[in-house]
Structure formats: structure tokens, C-alpha cells
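Morning, everyone. I have one structure to walk through today. Please bring it up on your screens.

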Amino acid sequence: MSEGIHHSHPAIVKRLKRAQGHLAAVLAMFEAHRPCVDLAQQLHAVESAISSAKRELIHDHIEHCLTDTAETGTAEAGGNSLAELKQLAKYL
């Protein structure tokens, strides 16, 4: 795959578009003055969907990009992989 594009990206985009549609429905629920418990439940579902997409993206990146870079065997690549892993860890 070309740099920056992973096999998992189309599935992640599909999941995020679904979450986007669900978020639009939640906004309509606000406008319809739905009960707060219903709103909180639906917002939690949107948040979970986005968190799941983020987690999948990070895991895929670690598995394919960082592992491939680390396996090249160069000290520089390994150092960059570690720095990138540390940067990604703050988003988990």
C-alpha cells in the first residue's frame, strides 16, 4: 500500500460515515427536545463508534507501518518507530 493508506482505511471511513449519520440524528433529537437520558445514550454510542475507529487505525498502523519499519533492521528506523509509537500512545 502507498504511504498513509492502509487496507483498513475504507472500513474505518465507512464506520465514521455511519457515526456521522448517527450524530446528525442525535442533533435532531436535541432539536426535538428528547429526554436527556436518550441523548446521553445516543452520544455514548457515537463516541464509542469514533473511539473504535481510532483504535483500529492506531492498531493497524502499529501492525503494518511500525512493524515493517522496525523489521528493516536499521537503528535509525527503530528509533523513529519508537518515537512514533510513543506519539501514538497518547491517543490510546
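Leu23, Leu27, Phe30 and Leu43 make a nonpolar patch of about 340 Å². Patch members have over 30% relative accessible area and no salt bridge, and nonpolar side chains (Val, Leu, Ile, Met, Phe, Trp, Tyr) are joined within 5 Å. A salt bridge puts a side-chain nitrogen of Lys or Arg within 4 Å of a carboxyl oxygen of Asp or Glu. Areas come from the Shrake-Rupley method with a 1.4 Å probe, and for residues only the protein chains shown count as cover.

A word on the source. This is a predicted model: local features need pLDDT of at least 70, side-chain atom pairs count only at pLDDT 80 or more, and totals for chains, interfaces and linings use all residues. Residues are numbered from 1 along each chain as its sequence is written, and side-chain values use heavy atoms, without hydrogens and water.

Back to the patch. Its largest share, three residues, comes from α1. Leucine 23 sits in that helix, α1. Leucine 23 is partly exposed, because its relative accessibility is 36%, between the cut-offs for buried (under 20%) and exposed (over 50%).

Now serine 8. It lies in the segment before α1 (9-31). Serine 8 counts as buried because its relative accessible area is 10%. Leaving out residues up to four places away in sequence, serine 8 touches Glu56 and Asp60; contact means heavy atoms within 4.5 Å.

Finally, the whole chain. It has three helices and zero strands. Helices (H or I, at least four residues) and strands (E, at least two) are DSSP runs, numbered from the N terminus. Of its 92 residues, 17% are buried.

Technical notes
Buried means under 20% relative accessible area, exposed over 50%, partly exposed in between (1.4 Å probe, protein chains only). Patches are made of residues with over 30% relative accessible area and no salt bridge: like charges are joined within 9 Å, nonpolar side chains (Val, Leu, Ile, Met, Phe, Trp, Tyr) within 5 Å.
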